[in-house]
Amino acid sequence: MRLLAFDPFHGAAGDMICGALLGLGIPHEPVMRAMGSVVQVPEIEKVSRTGISAIKVHTHAGPAHRTLEEVLDIVKAADAPRVVITRAERIFTHIAKAEESVHGDHHVHFHEVGADDAIADVIGSCMALYLLAPERIITLPIALGTGTITCAHGTLPVPAPATAAILKAGNLLVLSGNHVGEQLTPTGAAILAEITHQSLPSLPIGKILEIGYGAGTRDDPKSPNVLRAMLMEFQGFSTDTVDILETNVDDISGECIGTVLGKVMEAGARDASVIPVLMKKGRPGSLVRVISPPDRTSALAELLARELGTLGVRVSPAVHRFIAERIIQNIPVVIEGSSTIFPVKFGYIGGVCYLVKPEYDFAESFAREHAMPVRDVLHIVEEAGREYLKQGEDA
């Protein structure tokens, strides 16, 4: 299983996260295109931070003060798949909730994090993660820094109150470190809080496949101002623990249930399905079933209750499931003269590939852009994936 590990030994910011992910070998062009759709196309530069080669992402944007709604309007217009936009929306919602918890203002205005460069960094990081497609993401303890910082709300202690609130909500491990000043920005905290499956004190046992470094703006002569990301091969997650949520409904249309299934997936469910059932007194109904990570169970149960109008959601906790070994590779594909990179999932049992499956969201986005049936795109990409696999076996 592919595991993505962030090592924020010198903190994290949006541009550092994006740069570290780009350093792991994903194609840069789709990330730059997505970021360039909300600001001027950014520049990527190889820099040195106390001798460590890292990627610095430069965005060209001035300051801005926006409401959450204004930020989300920009995010929704980004040139990126829907799943990327949804994740970016959740990140800014994390920031808004943290600001409200600190300032008690229900009309929160973003200051530094509402600027175009922060929006671009979030979009770029989400797009890079989409292309990398790790099965699990962990974050090691985050260095926060010490002292104070001056921002739109005045001179505040490090970490800034909103950053601290994001860390609390995300259950992320932290340490002060020896650096004077802010090492973790609210944007960096919100990205890590949204994408991290587990915060661990140290790396699990596994094999490091790729290492990427994302550079911050400061060039500290005593300590490398970089974020390290490591892509690992890890066999310890061959089994997984999930909760199963179920509820019966008989007074809601199939269209509404379909909408709810989409919402629970966007909210973090691993899978969701509906099964026709015969209920008491012979009434036809539906059994809605959601596979949930344990840390999302309460939120998903509440979402089901609100959306379906049900008075109860059954939970079967700590159900173990088998996970086949899987690898997602970025495959070059030519479709009707247009060349692009598609993420394709390869599934293995006993070292033998039994599944070649294009990532649907990427294929759907391509099909819409080129006015093609998505089934045709899926077929072409699957064939390209099988040919890619065959070439690897012949090599």
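Begin with the whole protein, which in this predicted model holds 11 helices and 20 strands. Its radius of gyration is 22 Å, close to the 21 Å that the globule rule gives for 395 residues, so the protein is as compact as a globular protein of that length. Turn the view along the principal axes: the C-alpha atoms fill a box of roughly 70 × 60 × 45 Å.

Next, display the surface. The protein exposes about 18700 Å², and carbon and sulfur atoms supply 53% of that area. Of the 395 residues, 48% count as buried. If contacts are drawn between residues at least 6 apart in sequence, 69% of them join residues at least 24 apart. Colouring by charge shows 34 positive and 47 negative side chains. The centres of these two sets lie 6 Å apart.

**Helix 7**

Select residues 186-195, which form helix 7. How many of its residues are buried? The count is 10 of 10, and the helix is accordingly described as mostly covered. Step through the helix from Pro186, Thr187 and Gly188 to Ala189 and Ala190, each of them buried. Continue with Ile191, Leu192, Ala193, Glu194 and Ile195, which are buried as well. The charged residue Glu194 is thus among the buried positions of this helix.

**Strands 15 and 16**

Now select residues 271-278, strand 15, together with residues 284-292, strand 16. The two strands run antiparallel and are joined by 8 bridges. Strand 16 is mostly covered, with 7 of its 9 residues buried.

Two of the pairings may be picked out individually. Val274 has Val288 in strand 16 as its bridge partner, and Leu278 is paired by a bridge with Pro284. The hairpin has 5 residues between the strands. Select Lys281 in this hairpin: its phi is positive, near 60 degrees.

**Ala272**

Remain in strand 15 and centre the view on Ala272. Is this residue buried or exposed? Ala272 is buried, with a relative accessible area of 18%, because the cut-off for a buried residue is under 20%. Neighbours within four places in sequence aside, Ala272 is in contact with Leu261, Val264 and Met265, and also with Arg289 and Val290. The C-alpha atoms of Ala272 and Arg33 are separated by 32 Å, and the two residues are 239 apart along the chain.

**Ala318**

Finally, move to strand 17, residues 314-322, and select Ala318. This alanine is partly exposed, at a relative accessible area of 47%. Which residues does Ala318 contact, apart from its neighbours within four places in sequence? They are Thr241, Val242 and Asp243.

Notes. Residues are numbered from 1 along each chain as its sequence is written. This is a predicted model: local features need pLDDT of at least 70, side-chain atom pairs count only at pLDDT 80 or more; totals for chains, interfaces and linings use all residues. Side-chain values use heavy atoms; hydrogens and water are left out. Helices (H or I, at least four residues) and strands (E, at least two) are DSSP runs, numbered from the N terminus. The radius of gyration is taken over C-alpha atoms; the globule rule is 2.2 Å times the number of residues to the power 0.38. Buried means under 20% relative accessible area, exposed over 50%, partly exposed in between (1.4 Å probe, protein chains only). Contact means heavy atoms within 4.5 Å. Accessible areas come from the Shrake-Rupley method with a 1.4 Å probe; for residues, only the protein chains shown count as cover. The place of a charge is taken as NZ of Lys, CZ of Arg, CG of Asp or CD of Glu. Two strands pair if DSSP finds at least two bridges between them.
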